[in-house]
Amino acid sequence: MSEEKIIEIRDLTRIYGDGAPIRALDGVNLDIERGEFLAIIGPSGSGKSTLLHQIGILDTPTSGTILLNGVDITKMSDRERSRMRNEELGFIFQYHHLLPDFNALENVMMPLLISGVKPSRARKIAREMLEEVGLADREGHRPNQLSGGQNQRVAIARALANSPDIVIGDEPTGNLDSRASDNIYELLRRLNREHNQTFILVTHDEQMAKKTDRIIRLVDGRVVEDSG
Amino acid sequence: MFELDIAMKHIRSRQRQTLFSIIAVALAVAIIIVSMSMMSGYMSILIDSTVENQAHITIMPGKDEDYIHLYRGLEDHIHNLEGVLAVSSYFQGEAALQYRHDVEGVVLYGINPYDENRVVNREDDMLAGEFASLERPGSRIVVGLRLARNLGVGMGDTVTARGPGAEPTDFTITGIFATGTQADETTAYANLERLQDFYGARDVVTGVGVRVSDVYTAEELAKRIDRETGYDATSWIRQNAEILSMLETSESMVFFFYVIIFTISGFGIANILIMIVMEKVGEIGMLMAMGTSRRSIMLIFLLEAGILGMTGVIIGSVLGYIAAMAIASITIPVPPGMYFGMDHLPIVIEPGNFVTAGVFAMVINLIAGAYPARRASRMDPVEAIHHV
Ligand SMILES: Nc1ncnc2c1ncn2[C@@H]1O[C@H](COP(=O)(O)OP(=O)(O)O)[C@@H](O)[C@H]1O
Ligand SMILES: [Mg+2]
């Protein structure tokens, strides 16, 4: 694995509210390398989601900096942030968040269409992605015609469709039974190996975390353990 | 364009509600098109009947003068102005016409029928006889239909005319006309020379009527004649200023109702869009996470407003057209001679009205869509994604 740093987080602090401020993140420092497969764990309310939102450029920090591929994302315009989310980042949430009016294939095509890829090419890439997650035969199904595990696979295919450098997952298996969880974990692991993309997964499933390369433990918005 | 894909899916996912909002817009557009077509109809009938039956410009003697003395020179001068089609000098006087025991007061015009006909197309209005019968300076008279009825006279009858300072004279009726206007009751025509004689006047006239090619340039031309000749020239627009301004006022009143009707239909659009935005909060968050710009989010919902509005406008235009045609084809019983002789509602189908109604509707619909669209585009992605 290369030693190329893809994410550099410095003194990252996120304070919510002004009356009785909550320090959701409290001076986090973290370096992540390309191709890493890491888990963020910690008790509920420890700031895991907040950290992912920061890395995913969905939120802005109160102070501190985040470099993605050497670029400080905290100083970007709204437009650049959108473009960056589209091209460099893939998101998987606890709930699949597929667009209910679109079928599996169209859902996977969406990030490609957003970035301006021609529909014919987007369809081809999306088919390949669906094949990779084992749902080639379900491309015409809508989310309400698929199981929870299948929908989460479609969501994964969608997160990877635009070949992002970084894939972040906030409890991607939190809503699934243990068998489906294992399958999803195996799938993510395989995709990580095949595409050499960086995977950052928040989980409270210790078993799952143990299977990753590196575990970051957060408590009260601080990194208390970094093992890998 | 993925924005359009998403907009279309949103609309399809709520077919019943979107249908209602489309119908609301369509009805608004249809109602307004019918109403505008009727306004145009009334307007054009009013203007047509005015410019057909009146001189476009009337030239009267200058201040403190009773007559235009050198009227032939004036005629020549006006003839040579650009846009002038015809000029007719006349001698106007008041008279009482008597037939047996009936007496009616009239305005008596002494004219050259050839010239006068070119200015007001009177020959077309003849029910009986010929306007041209006044060509030779005999004691012939052409009267309006209602005047003839009031006197109980017909073609060939002889009426006695009395005027201030004039010898009572017998005139033979050689024509009856009907214009559908007030003139039918109050106007009679005779030969110019005969009437000058009747009133004991020399070779003078009391006015000159002018017909122009473009009725809307009449005012400008009247001003010029006024300036160049020193006579008092008035255009039909100024003569009818009151009725025209009344029409304008009623048009702006109606416009106010259009705004209300469109606003109501606009609320339908706003309502369905607010509903969609509320239902799709999580989806909007996910679209933002996938890198959809705020502008694109805005565009999605504006497109929805535009598509719903446009569909409504198209359906409404067709409906409005059909309704206007249907109304125009209904014959309604009106006493003849009233309402300019119309026997059905005046409808003029003008493409301009469709464009106005359509653009108007679209503007209001986009304004209606702007609020939900803006709200969607301003969402915080994190809050939106975790919204349940
Ligand atoms: N939008 C918010 N407004 C106020 N407080 C928030 C908000 N989001 C998170 N928090 C607070 O920040 C802390 C960290 O939250 P979060 O990152 O969601 O924790 P985790 O994902 O580890 O459970 C918690 O105390 C939470 O209540
Ligand atoms: Mg969380």
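**Close-up views of a predicted two-chain model**

**View 1. A hairpin in chain A.** Strands β9(A) and β10(A) form a hairpin with 2 residues between them, and D220(A) in the turn has a positive phi of about 50°. Strands here are DSSP runs of E with at least two residues, helices are runs of H or I with at least four, and both are numbered from the N terminus. Strand β9 (residues 214-219) of chain A runs antiparallel to strand β10 (residues 222-227) of chain A, and 5 bridges join them; two strands pair if DSSP finds at least two bridges between them. Opposite I215(A) stands S227(A) in β10(A).

The model is predicted, so local features need pLDDT of at least 70 and side-chain atom pairs count only at pLDDT 80 or more, while totals for chains, interfaces and linings use all residues. Residues are numbered from 1 along each chain as its sequence is written, chains are lettered from A and ligands numbered from 1 in the order in which they are written, and side-chain values use heavy atoms, with hydrogens and water left out.

**View 2. An open sheet in chain A.** The sheet has 4 strands in the order β2-β1-β4-β5 (chain A), with antiparallel pairing. At its edges stand β2 (22-33) and β5 (71-72) of chain A, each with a single partner strand, so one side of each has no neighbour in the sheet. Strand β1 (residues 5-16) of chain A pairs with strand β4 (residues 63-68) of chain A over 5 bridges, in the antiparallel sense. R10(A) stands opposite T65(A) in β4(A).

View 3. Q150(A) is placed in helix α5 (residues 148-161) of chain A. With a relative accessible area of 19%, Q150(A) is buried; buried means under 20%, exposed over 50% and partly exposed in between (1.4 Å probe, protein chains only). Apart from neighbours within four places in sequence, Q150(A) is in contact with L135(A) and R138(A), contact meaning heavy atoms within 4.5 Å.

**View 4. Aromatic rings in chain B.** The whole structure holds 16 aromatic pairs over all chains. Rings of Phe, Tyr and Trp (its six-membered ring) pair if their centres lie within 6.5 Å; planes under 30 degrees apart count as stacked, over 60 as edge-to-face and the rest as tilted. The ring centres of F91(B) and Y199(B) are 5.6 Å apart and the planes are at 25°, so this pair is stacked. F91(B) is in strand β2 (residues 84-99) of chain B and Y199(B) in the loop between α7 (192-198) and β9 (207-212) of chain B, so the pair ties together parts 108 residues apart in sequence. Both F91(B) and Y199(B) are buried. F171(B) and F198(B) have ring centres 6.0 Å apart and planes at 80°, so they are edge-to-face. Ring pairs link Y67(B), F91(B), F171(B), F198(B) and Y199(B) into a cluster.

**View 5. Where chains A and B meet.** In chain A, 21 residues are in contact with 24 residues of chain B. The two chains bury about 2100 Å² between them, 65% of it on carbon and sulfur atoms; buried area is the accessible area (1.4 Å probe) that two parts lose on being put together, summed over both. There are 3 salt bridges between chain A and chain B, each a side-chain nitrogen of Lys or Arg within 4 Å of a carboxyl oxygen of Asp or Glu. E106(A) forms a salt bridge with K9(B), whose closest N and O atoms are 3.7 Å apart.
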